[in-house]
Amino acid sequence: MKPGFIVIAMAAIATLVGCGKQPQAQQSVAAANASADTGGSRSGDFGPPRGEPVEAVLTSPPEVPPPTNRNYPARVIVELEVKELDLEISEGVRYTFWTFGGTVPGSFIRVRQGDTVEFHLKNHPSSKMPHNIDLHGVTGPGGGAASSFTAPGHQSQFTFKALNRGLYVYHCATAPVGMHVANGMYGLILVEPPEGLPKVDHEYYVMQGDFYTVGKYREKGYRPFDMQKAIDEKPTYVLFNGSESALTGPRALKVNTNESVRLYVGNGGPNLVSSFHVIGEIFDKVQYEGGTRYQENVQTTLIPAGGAVTVEFHTEVPGTYVLVDHSIFRAFNKGALAMLEVSGEKRADIYSGKEQDEVYIGDKVESLASVATAQEARAQGTLTKEQQIQAGSALYKGTCSVCHQDTGAGLPNVFPPLARSDFLAADHQRAIQIVLNGLNGPVKVNGATYNSVMPPMSQLNDDEVANILTYVTNTWGNSGPAISAKQVAETRAKTKRVEGAAD
C-alpha cells in the first residue's frame, strides 16, 4: 500500500471518529431535547375515558381553572356559549364584541392529555350571526369548525380526543374569519401533561388582540368595526383582554413578593405578532409557542397571531410591573399595557427606587372616567369647564407631564413652564396649533429663552386636545377660557400637518 494512501485512510478514520463524538455542549442540548420528547400525538392516547363524565370548569379572564388533578383520562364535557355584546373597549368607547362565554378573550378551558372532550357550542338567540369554533388543540380537519357551525338560538356538539399536550388557541372560523376573530372571538385551551404541571402560587390568563374601529384611538361613543383598517392591518387598538382597563388600576393582577407566577399568554391576532414583555421582570422559564420545550432567562418572547406561550417567574421586589407588547407604540398609543401589582417588604439589596413611576406609566395609573363623563356631557350639550378640567387632568399625565412636570413648572433651561405662562396666555389659538403641529426653535417664556423641541401630538383626538388645554390654561395660576373640541377640529382642518405628524 502506498504511503500517501495510508495517510488519507487514517485521516478518513479520524474524521469518522470525530463525527461520532459531539462537543459536550451539543451533547447536553441533545440530551435535554431527548428527555423532553413526548412523542406527540402517537403517545397521547391513553385509552378510552374512565369513570363518570367530568364537567369542565371554565373561567373568565384573567382567572385560570384549577388543575385537573387526575391520573387517568376522562370524558370532559365543555359547554361554551357565544354572545354578541356591546362592551367598553376604552373609557367612554363602546364596541360590539362577539364573544365565547361573554368575555374577550373567551373562557379558559383546561383538560388533561388523553381526555375525550365532548364539546357543546351554543349560540345565544340574541346573536345576529352564525358562529363556530376551531380549537388548535384538536386533531382533525378544521379543528372542529366544520362540526360546530351554529346558527343563533341553536347548539352543536362534537367530540375529540386531546392527543397533544400544550397551550392552544381557539377561535371562530366562520366567514369572514378575520372579522370574527377581530371582534374578539378567541381564547385558550390548556392540555395538561399526564403528570400535571409543577405547582405555582399564581396562574393568570392574558391574551392580546388587535382591534379595528371607525375613528381615532380613544374617540368616544360607539365605534363600529372598520373592515378596511383590518385588511390594511392598521389597528386602532392593541389590547390585553379586550379593553384598555381590563388589567389596569383596580383590575391589575395581584401577587406578593417571594411567590411564583405562571402566565398563560395568547395572541388572538388577527394580524399582529406580539413581543410580550414584563417591564422589570425576567422570565425564568418560557414554554415558547405553547409547546413542550422551554427557554430560560428570557426578556421578551414572540407570540405569533394564533399562538400562545407560557411564562414563569418569581417575584422578589414589590411595586407595579407593566406588561406590554414591546412593539412599544402599541403599548403607549394603542393600549397594549397591563399591570401586575406585587406587594411585600422592600428588598433594597436587590433594587432601590420608586415603587411606582407614574410618569412612566402615564395616564394608565388612574381611571379615565372623568374623560368619559366629559364626552357624554358634550354629547348632551351640558359640558362645563370644570368637567373639561377634570378630564384634562387625567389625560395630562400620559401626554405632557414627562417634560412639563405634574406641577407645570417644566425643567429649568430645558422645557418651558406652563404654570403662570405669559406665552401660553397670549394666544390660545396658537396653543392649539402647537399641540397639533409641535414647536421647534427658541421661545421666550416668562422672560427666559428655551430652545427645545415639542413633537406634534396630533394623534390625540379633538376632545383630548381641548380638555388638556382647558386644564393647562386654568391650572397653576393660569386663567383662561375653555377650549372646545370644535375649535380644535377647525384648527386641525385649516392647518396642514407637519411632515411625520399623525392626521
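How many of the eleven residues of helix 12 are buried? Select residues 462-472 in this predicted model. Ten of the eleven are buried, so helix 12 is largely enclosed by the rest of the structure. Colour the buried set: D463, E464, V465, A466, N467, I468, L469, T470, Y471 and V472.

Now show what surrounds them. The buried residues of helix 12 pack against helix 7 (369-380), helix 8 (385-399), helix 10 (422-426), helix 11 (428-437) and helix 13 (485-494). Then step to the start of helix 12. There, a side-chain oxygen of N461 comes within 3.1 Å of the backbone nitrogen of D463.

Next, select R430 and F423. R430 lies over the face of F423, 3.8 Å from the ring centre. Repeat with R70 and Y72. The charged end of R70 sits over the ring of Y72, at 5.9 Å from its centre.

Move on to the aromatic pairs, which number 15. Pick F108 and Y264. Their ring centres are 5.4 Å apart and their planes stand at 55°, so the pair is tilted. F108 is in the loop between strand 3 (93-100) and strand 4 (109-112), and Y264 is in strand 14 (residues 260-269), so the pair ties together parts 156 residues apart in sequence. F108 is buried, at 0% relative accessible area. Y264 is buried too, at 0%. For an aromatic cluster, select F240, F276, F283 and F313.

Five strands form an open, mixed sheet in the order 13-21-20-15-18. Strands 13 (253-256) and 18 (300-303) each have a single partner strand, so one side of each lacks a neighbour in the sheet. The twist averages 20° from one strand to the next. Zoom in on strand 15 (residues 274-279) and strand 18: they run antiparallel, joined by four bridges. S275 has L302 of strand 18 as its bridge partner.

Conventions: Residues are numbered from 1 along each chain as its sequence is written. This is a predicted model: local features need pLDDT of at least 70, side-chain atom pairs count only at pLDDT 80 or more; totals for chains, interfaces and linings use all residues. Side-chain values use heavy atoms; hydrogens and water are left out. Two strands pair if DSSP finds at least two bridges between them. Helices (H or I, at least four residues) and strands (E, at least two) are DSSP runs, numbered from the N terminus. Axes are lines fitted to C-alpha atoms, for helices over the stretch in contact, and angles run from 0 to 180 degrees between N-to-C directions. Buried means under 20% relative accessible area, exposed over 50%, partly exposed in between (1.4 Å probe, protein chains only). Contact means heavy atoms within 4.5 Å. A polar contact is a pair of N or O atoms within 3.5 Å; within protein, one must be able to donate a hydrogen and the other to accept it, and residues adjacent in sequence count only if both atoms are side-chain atoms. Rings of Phe, Tyr and Trp (its six-membered ring) pair if their centres lie within 6.5 Å; planes under 30 degrees apart count as stacked, over 60 as edge-to-face and the rest as tilted. A charge sits over a ring if NZ of Lys or CZ of Arg is within 6 Å of the ring centre and within 35 degrees of the ring normal.
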